[in-house]
Amino acid sequence: TLILLIVTFIHIRRKQIKLLEKQLHSDTLTNLPNRLDFQRRLSNLIATPQHNFALIVLDLDRLKEVNDLYGHKVGDEYIKLASIRMQESLRYYDYLARLGGDEFVILLNRFKLDEDLFTVVNRLTTNLANTYQFDGISLFCTASLGVAVFPKDGTNEHELFIHADSAMYAAKKAGKNQAYFFNSALKEKLNKTIKIKANLKSALTNQEFELHYQPKLNPKTRSIEGLEALIRWNHPIEGFVPPDQFISEAENSGLIVEIGQWVIETTCAQAAVLHAEGLLKGNVAVNVSPKQLRTNKILQVVTNALADSGLPPEKLELEITESSLMDESDKTYELLFNLKDLGVSIALDDFGTGYSSLSYLTKYPISTLKIDLSIIHSAAKQDRALLVLRNIYSLAHSINMKVVAEGVETEEQASLLVRYENDLVQGFLYSQAVPFEEARQLLMDNVSKNKISFAI
């Protein structure tokens, strides 16, 4: 009896240990292997390589949108159904794991030719793009995939995953619902990104940033009515780093908050000089990122910058993007009204892209609409786009908003806007963004002539 009890106890303990181990290595929602199990599997494959294999990083494109629109219960059902489709798309000896959220990883084994790899990848993208039906809801969702092949694209776990992940983000940036294979171009871009990240941390301390200013003009008289401050980075070794390369990295790392504070403080200080000299007829606009708005510091930063510089509040305009308003939170609402109470104006940038929700225009204290350049360019070519452009102006004027049309590059585009002489335009047709002293000279010429012709 004692032996039987001991054997039974050992058997039960082994089952419990196996169950605990399974739970430790399993995703609770999908029952797929989890991040811990994936890391172990990838490590074993690289430690004892018997053949080439491919690592796929897969991201569900619309999970956040599904969660926001229908709730997390529907989002969880979507994840489970998508994971089933992934399993059905793979061969029995392939491996699928969920890292968490909308991210999955796949290890494709035993492919002899690239065509074998392409076949599986195409099957994945096709199956995941089919319509999802559940609980009376019909969803069209897709996935973005990044593929890296061992050992060609990486010889260790970190390198292989980073390269597959980089390819996935390239696919997502290119429009989603597709697969990108890691290659030399992506590798070069990744190395550049890593270098930018490393240099960005010391750029502010080393005073490598400067502000350039692009004029905002009356479309009829072409006199300068205001400026937009735009950050520029001159690295002592790498040279000029385009904003579209470092702004996103600053956003991702959180450095945008500190950099944004410097931009506001410097803009106010330099704008105060122009105002004191009687050169600044209108205001100077500053771009504010969504992350800046989500901090508790932005109100105090603006308050201090205005006080320290002596710039009148009405001479400062804060440009925000639609993504800053999408959460429609009470905190954002209160913050924008507090900023408005300081006397600064709020502009909604890139209007005409994204959702362009009209509710934002009535709910928030927005005084200026900045029409995206894509609308301007299309209006010069298509009658329907021109009608949209005119309706945006009519809408803005009906609720006492000013309009700034950005990205004007040709006389044809400019001719569409001459009638709106109480609004403003900006773009390369008139002037690129120029350093502070050049902007100051433009304003001096503008005051003396009250009209100026620009050359690119």
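The largest pocket in this predicted model has a volume of about 1000 Å³. The second largest pocket comes to about 810 Å³, and there is also 1 cavity of 30 Å³ or more.

**Largest pocket**

- Its lining is made of 35 residues, and those nearest the centre are Glu228, Leu230, Pro243, Asn287 and Asp349.
- Two or more lining residues come from each of these elements: strand 9 (224–235), helix 8 (243–253), helix 9 (256–276), strand 11 (284–287), helix 10 (290–294), strand 13 (345–351) and helix 14 (373–379).
- Strand 9 provides the largest share of this lining, with 5 residues.

**Second largest pocket**

- Here 24 residues form the lining, with Ser166, Tyr169, Leu190, Thr193 and Glu249 lying nearest the centre of the pocket.
- Helix 6 (157–173), helix 7 (184–203) and helix 8 each give at least two residues to the lining of the second largest pocket.
- Helix 8 is also among the elements that give two or more residues to the lining of the largest pocket.
- By class, the lining of the second largest pocket holds 7 nonpolar, 9 polar and 8 charged residues.

**Largest cavity**

- Around the largest cavity sit Val257, Gly260, Gln261, Gln292, Thr295, Lys297, Ile298 and Val301.
- Helix 9 and helix 11 (298–309) each contribute at least two residues to this lining, and helix 9 gives the most, with 3 residues.
- The classes in the cavity lining are 3 nonpolar, 4 polar and 1 charged.

**Helix 4 and helix 5**

- The axes of helix 4 (residues 72–89) and helix 5 (residues 114–128) come within 9 Å and cross at roughly 150 degrees.
- Because angles over 145 degrees count as roughly antiparallel, helix 4 and helix 5 are roughly antiparallel to each other.
- The crossing of helix 4 with helix 5 is right-handed.
- On the helix 4 side, the contact is made by Ala82, Arg85, Met86 and Ser89, while helix 5 brings Val120, Arg123, Leu124, Asn127 and Leu128.
- Sorted by class, the residues of this helix 4 and helix 5 contact are 5 nonpolar, 2 polar and 2 charged.

Terms used: Residues numbered from 1 in each chain as written. Predicted model: local features only at pLDDT ≥ 70, side-chain atom pairs only at ≥ 80, totals over all residues. Heavy atoms only, no water. Axes fitted to C-alpha atoms, helices over the stretch in contact; angles between N-to-C directions. Helix = DSSP H or I, 4+ residues; strand = E, 2+ residues; numbered from the N terminus. Parallel < 35°, antiparallel > 145°, perpendicular 65-115°, else oblique. Left-handed = near helix turned anticlockwise from the far one by under 90°. Contact = heavy atoms within 4.5 Å. Nonpolar A, V, L, I, M, F, W, Y, C, P; charged D, E, K, R; others polar. 1 Å grid on protein atoms, 1.4 Å probe; cavity = no way out; pocket = protein on both sides within 12 Å on 5 of 7 lines; lining within 4 Å. Points joined across faces, edges and corners; volume = space filled by probe spheres on them.
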